[in-house]
Every structure is written in structure tokens, then in C-alpha cells.
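Please read the following report alongside the sequence and the model.

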Amino acid sequence: MTAPARAAHLRLGRRGENLTARLYRVLGCDILARNWRTRVGELDLIVRDGDELVFVEVKSMRIKPGYFAAGNLSFRQRRRNRNAAKLYLRMLGRPHRIGRFCLAEVTFSRRGHLMTLRRYENYLPPLVPGCWT
């Protein structure tokens with residue numbers, strides 16, 4: 001990927017994350033962290049929804065017939081997300097909270113206008129207290 005194409009790709013991803021964060025705030029959730037990076041993976045958004053923590057993976061793309069942004073989430077990335085979430089919970093001192101996973105799919109038109117923002121709850125099994133080892 002060329003440098004200008006990479007920069008455009010990153011801007012699109014950042015826009016998708018910003019829109020997803022805004023959606024969670026409108027839903028009454030607290031954004032605890034954005035782009036939380038660790039040696040085992042990255043979590044795009046960490047959100048508190050009542051008593052639960054939500055680990056949100058955001059996938060953004062321009063619209064392409066037959067393609068879905070959510071389809072770009074590989075098995076390896078799912079495993080890295082789960083491991084990063086476990087590490088986050090361990091760093092919090094193993095709180096007695098459920099951690100669930102949400103996938104946000106953000107699609108833009110060719111001109112960059114928002115087309116869809118879909119959430120897929122529980123794209124991974126939830127983390128229940130005691131399973132973070």
C-alpha cells in the first residue's frame with residue numbers, strides 16, 4: 001500500500017471509530033479507552049455499559065458490492081482481541097464484571113458519506129469473572 005493510500009485508509013478507520021464512539025455515548029455508555037495497545041493486541045474502544053465492559057472492534061470501509069467490513073476480521077485478530085481484553089481485565093485487578101465483545105461495521109459511500117453503522121453483539125463469547133488467566 002502506498003503512503004497516500006495508507007494515510008487515507010487510516011483516516012477512514014479513525015472516522016469509523018469516532019462515529020462508533022459517538023454512538024456509544026448517545027446510548028449512555030462511558031468511553032474508557034480508545035486504541036488501547038498492548039503487546040498481545042489492540043482494542044479499538046473499551047466502553048462501560050452499566051455493569052458490563054464492552055470491547056469494541058471497529059471495521060470501516062468504503063462501500064463495495066458483495067463485501068462487508070465485518071468480513072475483514074480474521075481468526076488471528078479475534079484471538080488477539082480476546083487476549084488483549086483478558087489482559088485489560090487483569091490490569092484492572094480482575095473486576096467482577098462481564099466483558100463482552102462487539103463488532104462495529106462502518107460503511108462509507110465512495111464520496112465518504114456515512115452509509116451504515118451496524119453493531120454485532122457478542123462476536124466472541126463473553127469473558128465472565130474468573131476466566132482471565
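A search of the whole structure, which is a predicted model, finds four aromatic pairs. Rings of Phe, Tyr and Trp (its six-membered ring) are paired here if their centres lie within 6.5 Å, and planes under 30 degrees apart count as stacked, over 60 as edge-to-face and the rest as tilted. Among the four pairs, Trp36 and Tyr88 are edge-to-face, with 5.1 Å from centre to centre and 85 degrees between the planes. This pair links distant parts of the chain, since Trp36 belongs to strand β1 (residues 30-38) and Tyr88 to helix α2 (residues 75-91), 52 residues apart. Phe55 and Tyr88 also form an edge-to-face pair, at 6.1 Å centre to centre and 80 degrees between the planes; here Phe55 in strand β3 (residues 52-62) is joined to Tyr88 in helix α2 across 33 residues. Ring pairs link Trp36, Phe55, Tyr88, Phe101 and Tyr123 into a cluster.

The table sets the residues with a stated accessibility side by side.

| Residue | Relative accessible area | Class |
|---|---|---|
| Tyr88 | 11% | buried |
| Asn35 | 26% | partly exposed |
| Asn122 | 43% | partly exposed |
| Ala21 | 0% | buried |

As to the fold, the protein has two helices and five strands, where helices (H or I, at least four residues) and strands (E, at least two) are DSSP runs numbered from the N terminus. Along the sequence these elements follow the pattern α-β-β-β-α-β-β. The radius of gyration is 15 Å, close to the 14 Å that the globule rule gives for 133 residues, so the protein is as compact as a globular protein of that length; the radius is taken over C-alpha atoms, and the rule is 2.2 Å times the number of residues to the power 0.38. Taken along the principal axes, the C-alpha atoms fill a box of roughly 45 × 30 × 25 Å. Of the 133 residues, 39% count as buried. With contact meaning heavy atoms within 4.5 Å, residues 24 or more positions apart account for 61% of the contacts with a separation of 6 or more.

The protein exposes about 7,900 Å², of which carbon and sulfur atoms supply 51%, the areas being from the Shrake-Rupley method with a 1.4 Å probe.

Asn35, which is found in strand β1, has a phi near 50 degrees, a positive value in a residue other than glycine. Asn122, in the segment after β5 (114-121), likewise has a positive phi, of about 55 degrees, although it is not a glycine.

Ala21 lies in helix α1 (residues 3-26). Which residues is Ala21 in contact with, leaving aside its neighbours within four places in sequence? They are Ile31, Arg34 and Leu45. The C-alpha atoms of Ala21 and Tyr123, 102 residues apart along the chain, are separated by 18 Å.

Residues are numbered from 1 along each chain as its sequence is written, and side-chain values use heavy atoms, with hydrogens and water left out. In this predicted model, local features need pLDDT of at least 70 and side-chain atom pairs count only at pLDDT 80 or more, whereas totals for chains, interfaces and linings use all residues.

Definitions and conventions
Buried < 20%, exposed > 50% of the residue type's maximum accessible area, 1.4 Å probe, protein only.
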